Amino acid sequence: MLKLTSDEIRESYLKFFESKGHLRLPSFSLVPVGDPTLLIIGAGMAPFKAYFKGEAKPPRTRITTCQKCIRAEDIENVGRTARHHTFFEMLGNFSFGDYFKKETCEWAWEFLTKVLGLPAEKMYVSIHTNDDEAEEIWINHVGVPKERIVRLDSNFWGPIGLTGPCGPCSEIMIDQGEEFGCDSPDCGPGCDCDRYFEIWNLVFPGLNKNEKGVFENLPAPGIDTGLGFERLTAYMQGKKNNFETDLFMPLLNKIEDISGLKLGENEKNDISMKVIADHMRAVIFMACDGITPSNEGRGYVMRRLLRRCVRLSKDLNFGENSLTLMIEPLVNKMGHIYPELIEKREYCHNIISLEEENFGKTLSQGMALLENLISKLQAAGEDTLSGKNMFSLYDTYGFPKELTEEIAAEKGIKTDIKGFEEALEEQRKRARAAQAKKTGGSGVEIDLTGCKSVFTGYTSLSEETTVTAIFADGKKTDEAGEGTTADVVFENTCFYGESGGQVGDTGSFATGTASGNVTDTRKTPSEINLHRITVEKGTLKTGDKVKIEVNTERRKAIMRHHSATHLLQAALRKVLGGHVSQMGSMVDENRLRFDFAHHCALTHEEVEQVEKTVNGMIMENVPVSMNELPIKEALNRGALAFFGEKYGEKVRLVEMEGLSAELCGGTHIKRTGDIGAFKITIESAIGMGSRRIEAACGFVAIERFQKEERVLKEVSTEFAVDFEALPHAIARLKDNLKNAEKELQEARFRTLVNSVDQYISSARQVDEIKVVTSILKDVSRDELLSMTDLIGDKIKPGIAVLGAVIEGKVAIIVKVSDDLLKQGMSAVPLIKEIAKTVGGSGGGKPALGQAGGKEPEKLPEAISKAFNIVKDEIEKMKVKN
């Protein structure tokens, strides 16, 4: 058996299958493309689902890859077993209607035994219980003895995600020897112990599980194999544990350097070190593929892993923000295979640093609260942490629920997951209710049972229709009289109901006897457009024939802003990178607001580039098409789809030719040129890893340009310069102001210095010790401190007590001369006692005490009392001496 590095093993596999006519492709991103049923890539075949299902044509019918994968289902086992990982590489060879079982089995055996030199006599094969064909191939074509073939019911590989190809499989296992086995007399291939460990899974997908959960035949059978790269590397390098291979040791060595600890000295520390090495590989690769930490979807997987590392790093004595040090050894080890590690190194550093810093701020507080809660439970003889407390840790301190579960389990405490989910849902309900109230909803539940309404507003802005239902204060009624407000359902409506981030339409209605305004339209969960109306004249009744008209100019302005959000997303992805994804949006007639995933503030240059890119797309004036079609077809046409979004079998695809393709139910302009102009007004943060852009379009943007130009002209006129010279003129003015302020401060200080003797002349004496007590007016804190020093230095032996009201708050300073310090006098007890009168507290050093207070009106009283307080302390000092 050859002893190879991980790089040599990976390359030998890919070269072998290239020699068998396979096209070598680089690893796909961890972010699935065009598959909203899949959270993250977790298997080598995941990017090829469309090829297996016949929905897309592969570049070649034979393909081989080394695919990056993430699985986070059982992270509690990472570091505790030899082979559990969150990030791993999967070597795979795939056939799309080309070769099938025979070639797959023969080539797998050839690669393992002939290329790598693995001992055939130690290898076993498992097949599905009913797969006679596979058994025949292994025995008669490959030469595996029948006694080393086992049939298992579990040898059926399900779909990746909710739907997709699946079928029976055959696994190749290696017997590592009795030392790895268990004591069970039934120990053999398929046992859960480590003796017979699976190295390669050969899947024979001939079925497809559809959206209804029904299995159907694929257009043509295919092949999907997955060779466990890390476990193969461990076996080839003679290691009992994947973490001992050259894939992990560079990271583990770095962890030893940072922590000052050594592997093998402490089992608990060993587990933590392995977890950090494993999880940071996952986090770094996720960041390089544009994933950012969040509370949803794949971003939550990343946050969960990274925050687990932050917690464990504290146990290993890592310094602040040390996890970014894991990037370098991973880049050095794998950057030549995955160039994105090199290209995105700085971006990755920023993502990890920001998350580590932010969670680090709340970790210690959250841990203290959790430990206190656990102590109380144990003292009370209880064993379950409430969902309410779990939610508080999640909401206030950023603890993923799984992290709380893990820490509680370490203390023998159970967790109320159901209660946590209920608390989380309650928060979501409150947020939805607050949003409904904010956007003008009545907040009253309306029973729309039996109501129907057909939306015609994509093609029409006026409609002859019928009133089918009227609701007043949420209750069904037959009519709405003059001066009343009600919610109305029309049989057909051209009014767009608020949904998808687009506000509802407004407009008017009229019958032969009644008329009024539609002030808002909202889409209910039952997909019915509910119109908020005010009756200006007459009485509107159920069954009335009515003409409704949308406010056309307002709708056009809304359409401009909605279409611009699509261009904005395309521009952001172009300028910032493919990691940008929409997190929310809002469009009305005056502005658009677009929330997106990105780790840091955009630079001024990036904002300008995005704005310029969008305006360039507008000037291209390409047509905008809106078509309803099957979701599979929309995705194949490049439509953006996001995990977690609910899409029906048919979707509405909005395409801006060559620029953007998104699934969207909103209303849009006919050509990008109809947007007119685009102006970014605000770029800001809305949370960790989330940014917000607000912008204006069309006439609103033009008004913004004109307003800014007016302001520039006015300022230019004031400075008597062209607007291009304004920055220089303003900088010169700031310098002049700074110099003037400096001169003013120097003049004020000279005045204060000149008044020092005046304050000293008012000093009273306790024996030979001079005591100055006074209130200064119109001074800063620095000036008060300087005056106290100047007076204190001139009265020896002496004590100065000066006070002032600065910005509405009391400031008092006490200075004790050096010779009195030698006799045991201290400013600290003096300042503490004086501060009591003004409702404050004080402290400091023996030579200088400072205090603040909340009651400025009592400052004169405090300074008046100060002399007697000083006198008492002097007498105490003399008694001691």
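Start by selecting residues 345–379: this is helix α11, 35 residues that reach 48 Å from first C-alpha to last, close to the 51 Å expected (1.5 Å times one less than the number of residues). Helices here are DSSP runs of H or I with at least four residues, strands are runs of E with at least two, and both are numbered from the N terminus. You're looking at a predicted model, where local features need pLDDT of at least 70, side-chain atom pairs count only at pLDDT 80 or more, and totals for chains, interfaces and linings use all residues. Residues are numbered from 1 along each chain as its sequence is written, and side-chain values use heavy atoms, with hydrogens and water left out.

Now click Leu363, where α11 bends by about 35° (the angle between axes fitted to the seven residues ending there and the seven starting there). After the helix comes Gly381, with a positive phi near 75°.

Next, the open sheet: four strands in the order β25-β26-β31-β30, paired antiparallel (pairing takes at least two DSSP bridges). Select 582–587 and 678–687: β25 and β30 are the edges, each with a single partner strand, so one side of each lacks a neighbour in the sheet.

Finally, show 552–576. Helix α15 packs on the sheet, touching β25, β26, β30 and β31 (contact means heavy atoms within 4.5 Å).

Definitions and conventions. Axes fitted to C-alpha atoms, helices over the stretch in contact; angles between N-to-C directions.
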